[in-house]
Amino acid sequence: MRDSTVRETTGILLNRFTIILPLLLLILVTSCTLDICSGTRPILKIGLIAPFEGVGRPLGYEALQGVKLAISQWNARGEPGGYMVELVALDDSNNAQEARLQAEELAVDPAVLGVIAGWSAETAGAVVPILTQRGLATVLPWSVSPTLANSERGIIMIAAHQGQIAQSLVEHLPNVVSSCNVGIVGDEQAIASYTEHLPPCARRIAPPAALHHDALQAWAASLFREHPSSLEALILVLDPISGGELVRAVRKTGWSGSLFGAADLGGTQLVDVAGEWAEGAIIASPAPSGADLPSDSGEHQTFLTLLPPRAVLAYDATHVLLTAIERNIAQEGRPSRKGIIATLPRVQAEGLTGTIAFDANGRRLHPLVWLYRIEDDRYPGVLIKQVEM
């Protein structure tokens with residue numbers, strides 16, 4: 001019996017070794033192919049600020065997927081300009097104060113030539129003044145305020161901004177409900193873009209200050225007692241966790257109206273929290289799921305289909321930033337922060353989300369918005385519409 005156990009254990013270890021060894025060799029060969037072993041290529045750095053801890057952690061790691069994939073492709077080609085790209089990824093915990101601290105940290109490293117940051121309105125508003133003051137080119141990868149873009153200071157947006165997301169949702173409403181029978185849930189600043197597009201008869205609804213179970217249930221019950229038949233739809237301008245809690249609360253009252261979500265609501269956390277109650281919710285996303293990319297997306301098509309929307313935009317943000325760095329190297333012989341700031345707004349590139357170019361303000365020209373319907377407890381769900389803004 002003992003001999004049999006030993007043979008079985010040895011067999012398992014050998015099987016694992018035969019799996020692990022090729023992986024280790026692949027890593028070694030890949031590293032040497034990228035000239036890491038020889039150390040002959042000069043190094044430049046780009047920064048990523050995203051939530052890697054706290055409740056926003058899944059969103060940050062989605063973004064990290066896309067950035068690392070793009071960097072690996074550029075390094076494998078010996079680009080940009082013969083330099084090796086290294087990533088400095090810092091955690092902001094989706095908190096404005098943390099985002100400011102991390103922006104300061106990236107700014108003091110002279111090897112960091114550009115930054116991808118701003119995965120929420122709050123963190124984008126926090127980092128832009130610092131990175132602008134410190135002379136770092138910045139790519140804003142998510143749907144944030146259009147006022148943050150500044151082409152002269154090298155601050156660009158590669159996604160549809162908040163106003164365009166709001167417009168895409170509101171224009172879709174007549175296909176579902178009367179615009180006058182819509183309630184919009186969020187604080188005054190968050191819903192400002194929506195109030196510009198909704199008629200005055202639409203209801204503005206502040207979310208409850210407390211999000212624990214009893215408070216939410218009481219809030220939801222009173223909401224539909226006051227308006228038993230006039231609310232046919234709710235637009236939630238909230239983060240995915242708060243939104244998930246609210247979705248559960250309103251559905252448990254028996255309300256069966258339509259649910260819509262702004263860009264920030266979209267995320268795996270929404271269905272993790274709301275579960276089956278999120279079924280049928282329509283989310284306006286500034287990027288598609290990798291599964292909905294064109295079938296000619298290149299040699300990495302199979303891997304790209306696994307990317308969530310934030311990873312898709314992170315990939316494009318990295319591609320645009322490295323394109324600007326490459327052009328700056330071609331023009332000046334070596335990259336500089338000042339040169340990249342001047343070059344970045346003039347970049348035109350083909351990304352996963354289509355042609356990427358910018359207007360005079362640094363905002364993306366003709367961005368797309370993808371409307372998804374959550375089905376089978378999965379995010380982003382089923383693509384129902386693609387809108388060019």
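How do the residues of the lining of the largest cavity divide into nonpolar, polar and charged? They divide into 3 nonpolar, 2 polar and 1 charged, where Ala, Val, Leu, Ile, Met, Phe, Trp, Tyr, Cys and Pro count as nonpolar, Asp, Glu, Lys and Arg as charged, and the others, Gly among them, as polar. This is a predicted model, in which local features need pLDDT of at least 70, side-chain atom pairs count only at pLDDT 80 or more, and totals for chains, interfaces and linings use all residues. Residues are numbered from 1 along each chain as its sequence is written, and side-chain values use heavy atoms, with hydrogens and water left out.

**Cavity**
- The whole structure holds 1 cavity of 30 Å³ or more (a set of points on a 1 Å grid over the protein atoms alone where a 1.4 Å probe fits but cannot get out; lining residues have an atom within 4 Å of a point).

**Pocket**
- The largest pocket (an open set with protein on both sides within 12 Å along at least five of seven lines) has a volume of about 920 Å³.
- Among its 40 lining residues, Ala121, Glu122, Ala190, Val237 and Asp264 are the closest to the centre.
- The lining of the largest pocket comprises 20 nonpolar, 15 polar and 5 charged residues.

**Serine 285**
- Serine 285 is buried because its relative accessibility is 2% (buried means under 20% relative accessible area, with a 1.4 Å probe and protein chains only).

Notes
Buried < 20%, exposed > 50% of the residue type's maximum accessible area, 1.4 Å probe, protein only. Points joined across faces, edges and corners; volume = space filled by probe spheres on them.
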